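Keep the 3D view open as you read.

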Amino acid sequence: MSSEVPQIENNAILACTVSRDVQNFDLLIEDMETALGENWGDLGFAESLAFFGQPEAGALEFLALAIDEKDEDNLVMLGEVITQAKARGIKVILIAEDVSPVSLHQLLRKGADEFIPYPLPEMELQQAIERLRAQEAGARERHDTPQLQSGESREGAVIVVQGLAGGSGATTLAVNLAWELALIDGDKHPSVCLIDLDLQFGSVGTYLDLPRRETVFEMLADTENMDEEVFGQALLNFKERLQVLTAPTDLVPLDIIDAEDVQRVIDLARSHFDYVVIDMPSTLVVWSETVLQAAHVYFATIELDMRSAQNILRLKRALQSEDLPFNKLRFALNRAPKFTDLSSKSRVKRMGESLGISIDLQLPDGGKAVMQGADHGSPLAISAAKNPLRKEIAKLAQSLHELGRNEAEAA
Ligand SMILES: Nc1ncnc2c1ncn2[C@@H]1O[C@H](COP(=O)(O)OP(=O)(O)O)[C@@H](O)[C@H]1O
Ligand SMILES: [Mg+2]
């Protein structure tokens, strides 16, 4: 993990051996110690699957999956370990003793990154780790700048999130929704671009542990000369699935960009991605209207409190006085009360009625795990896959995706 903020404690687990019994692989134990000191752990097969659900799993660099011929009966589970690891951006080194070529082949096809026979040849593990790290560094270095094809003409859907009160979960929703959209399976994963337009205090980069980049400012300051290459270079790749435009490095005045700049960025992003997810500042800015008009779906996150209620009223008045489409806003109540909490349920209903809005989406409180995941730089699907908030956002991603597909078919 890169970052200005020290996030890895000294005892962080960077890698794990995964095997039936690691004592069968004593050379591996030695090599892991040489390579990682104390910063590795040991898991069984089923145990490793459970571990992927923990926030600590987000910090894992790789797994050393060690198997012998007795494990060949267990290929399905081994395959699942590899699939789950890869889905979380964790690399897999497969170490095998007396395993048939057919089984090996099957596991490599699941996406294992490296294969080493056991007993381990001298330095072989170390070299495999170095290759994985070089790959990762290369990806960061190139910033895995997506090769945007010039002249491509998709018409991506624009999904916007704005918090109507600080801390109401806008960025959490934007980041996780973008990631869930990127995870959707199908003939091919949708391509997703996440744009942090909360230029001053944007935290998308923090929540995904991505560095802020100088090129972002340069691009925004001169959108007239922005082309695919410039735009591509300002993007950062998150786990090969999601392209992210973070906020600029330094605190910039919100008016360094105007409506035209924003329009250009959105147009370019739309032409290259199936989904463009935008995290807005909670304040109104000169280009708010542009984003509102460009949005296919515009979520406003609120909470069940007076602050949100008053801000909704203010925003309603402001938008309506300018003839802007207030009813385009989809209100998302964050930290929504549980089903069983009837008195809060009726408060939600009254809040909606008295403000003349419908609250379309309710997001449950996901507890501390939500903040912890974000501090680790991981979306919930990685840090806390079973979290109720994650489940709700995953559902939302699915339904937005299906909606888009139905509309495309109808057209
Ligand atoms: N539903 C939720 N359950 C638990 N914690 C949440 C939830 N939504 C947001 N948080 C936490 O609240 C804090 C503020 O969320 P954030 O998304 O940054 O808000 P905003 O972007 O609206 O200012 C973060 O620490 C985040 O992890
Ligand atoms: Mg935010």
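Start with a term: a residue is buried at under 20% relative accessible area, exposed at over 50%, and partly exposed in between, using a 1.4 Å probe and protein chains only. Elements also need a rule: helices (H or I, at least four residues) and strands (E, at least two) are DSSP runs, numbered from the N terminus. The model is predicted, so local features need pLDDT of at least 70 and side-chain atom pairs count only at pLDDT 80 or more, while totals for chains, interfaces and linings use all residues. Residues are numbered from 1 along each chain as its sequence is written, chains are lettered from A and ligands numbered from 1 in the order in which they are written, and side-chain values use heavy atoms, with hydrogens and water left out.

Go to strand β7, residues 192-196. Of its 5 residues, 5 are buried. In a regular strand, side chains alternate between the two faces of the sheet. Here, Val192, Leu194 and Asp196 point one way, and Cys193 and Ile195 point the other way. Both sets are buried.

Now look at the neighbours of β7. Two strands pair if DSSP finds at least two bridges between them. β7 pairs with β9 (residues 242-245) in the parallel sense, over 4 bridges. It also pairs with β10 (residues 275-280), again parallel, over 5 bridges. Cys193 has a bridge partner in each: Gln243 in β9 and Val276 in β10.

Next, find Ser168, in the loop between β6 (157-163) and α6. Is Ser168 buried or exposed? Ser168 counts as buried because its relative accessibility is 1%. A polar atom of its side chain lies 2.8 Å from the backbone oxygen of Ala165. Leaving out residues up to four places away in sequence, Ser168 touches Gly163, Thr301, Ile302, Glu303 and Asn334. Contact here means heavy atoms within 4.5 Å.

A cavity is a set of points on a 1 Å grid over the protein atoms alone where a 1.4 Å probe fits but cannot get out, and lining residues have an atom within 4 Å of a point. The structure holds 1 cavity of 30 Å³ or more. The largest cavity has about 70 Å³ of space, a volume being the space filled by probe spheres set on the points. Its lining includes Thr172, Tyr207 and Leu380. Two or more lining residues come from each of α6 (170-183) and α14 (368-375). The largest share, 3 residues, is from α6.

Methods:
1 Å grid on protein atoms, 1.4 Å probe; cavity = no way out; pocket = protein on both sides within 12 Å on 5 of 7 lines; lining within 4 Å. Polar contact = N/O pair within 3.5 Å; in protein donor to acceptor, adjacent residues only side chain to side chain.
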